[in-house]
Amino acid sequence: MSAAESLSAVASALASGAIEVVDLTAPLGPETPVLYLPPEFGRNTPAFKMNEISAYDSNGPWWAWGWMELGEHTGTHFDAPAHWISGKDRPDNTTDKLPAKDFVAPVCVIDCTNEVAADPDFVLTAEGVKAWEAEHGAIPEGAWVFMRSDWYPRNKSAESFLNGGHTPGPSVDCIRYLVEKKIIGWGNECVGTDAGMAHSFDPPFPAHHLMLEEGRYGLASLVNLDKLPPTGALVVAAPLKIVNGTGSPLRVLALVPKN
Ligand code: 23J
Ligand code: MN
């Protein structure tokens, strides 16, 4: 099949529903939980706020529009390599300079729901990834790897979502293994890509430190990972083209084959 025929087949499959578009994005509003870091780590990111410019009124008779106060790392968002000190000297490491081809990639989804239900501090290890590969095949170069935890329904309550800093994520050896596999990035359902306890890992925050060091990416606060197959879906995740952006809220979509 030619590339043109492949793309046309995708368009037909989207129209018929044979390929479904699954939204992996959480609502973005004032209630969106944001990361809370203890004071010794410095400043925190503010909550989302929408300010009104006009609402079909004297400030603009025929139109409604607003302006936002919005952290780069708020809600469902993308981590660019410039976000972490380990990635700060990489060329083209900000959201405005990343190659657009990186924004469409296949995804491997590792189901950790049972482990996380038993222990909110569960960390996925390289051994866990290898067990997944034994069942589903090797993780291909250029794929996203998403940790499914069924954590996302908690995002309606910041207290439950942040859970006092007890949230699941990857181990150091897990991220080292995935970097070796040359994945495009790591995604999590929690407020950040790392586990809540990852400040105590060595190095701290491995999904940030080791992924971004290698020019790979992160996706945080993903939803609907339970609607994805372990392999075979295609993710579209394109951050805003913020000049010198270290990350960006974004709409994340998955194309999922239904047959
Ligand atoms: C800054 C410091 C620690 C973390 C984070 C940001 C994130 O999770 C983020 O949104 O990138 S853990
Ligand atoms: Mn982030």
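This is a predicted model: local features need pLDDT of at least 70, side-chain atom pairs count only at pLDDT 80 or more; totals for chains, interfaces and linings use all residues.
Helices and strands here are DSSP runs, numbered from the N terminus.

Start with the overall fold. The protein has six helices and 13 strands. Its radius of gyration is 19 Å, close to the 18 Å from the globule rule for 259 residues, so the protein is as compact as a globular protein of that length. Along the principal axes, the C-alpha atoms fill a box of roughly 65 × 55 × 40 Å.

Now two backbone details. Where is the cis peptide bond? It joins Asp202 and Pro203, with omega at about 0°. Pro203 belongs to the loop that runs between β9, residues 185–188, and α6, residues 206–213.

The second detail is Asp150. Its phi is near 55°. That is a positive value, and the residue is not a glycine. Asp150 is a loop residue too: it lies between β7, residues 144–148, and α4, residues 158–162.

On to the ligand. Which pocket holds ligand 1? Ligand 1 sits in the largest one.

Who surrounds it? Take the shell in groups. Leu35 and Leu37 are there, along with Trp84 and Phe205. By class, the shell divides into four nonpolar residues, five polar and one charged.

Next, the polar contacts. Three of those histidines matter for this slide: His73, His77 and His208. For His208, a side-chain N or O atom is 2.8 Å from an oxygen atom of ligand 1. For His77, a polar side-chain atom lies 3.0 Å from a ligand 1 oxygen. For His73, the distance from a side-chain N or O atom to an oxygen of ligand 1 is 3.4 Å. The cut-off for a polar contact is 3.5 Å.

How much of ligand 1 does the protein bury? Taken alone, ligand 1 exposes 320 Å², and the protein buries 87% of that.

To recap the site: ligand 1 is in the largest pocket, with oxygen contacts to His73, His77 and His208. That's my part done.

How values were computed. Residues are numbered from 1 along each chain as its sequence is written. Chains are lettered from A and ligands numbered from 1 in the order in which they are written. Side-chain values use heavy atoms; hydrogens and water are left out. A residue is near a molecule or strand if one of its heavy atoms lies within 4 Å of it. A polar contact is a pair of N or O atoms within 3.5 Å; within protein, one must be able to donate a hydrogen and the other to accept it, and residues adjacent in sequence count only if both atoms are side-chain atoms. Accessible areas come from the Shrake-Rupley method with a 1.4 Å probe; for residues, only the protein chains shown count as cover. On a 1 Å grid over the protein atoms alone, a cavity is a set of points where a 1.4 Å probe fits but cannot get out, and a pocket is an open set with protein on both sides within 12 Å along at least five of seven lines; lining residues have an atom within 4 Å of a point. A molecule sits in a cavity or pocket if more than half of its atoms lie within 2 Å of its grid points. Ala, Val, Leu, Ile, Met, Phe, Trp, Tyr, Cys and Pro count as nonpolar, Asp, Glu, Lys and Arg as charged, and the others, Gly among them, as polar. Helices (H or I, at least four residues) and strands (E, at least two) are DSSP runs, numbered from the N terminus. The radius of gyration is taken over C-alpha atoms; the globule rule is 2.2 Å times the number of residues to the power 0.38.
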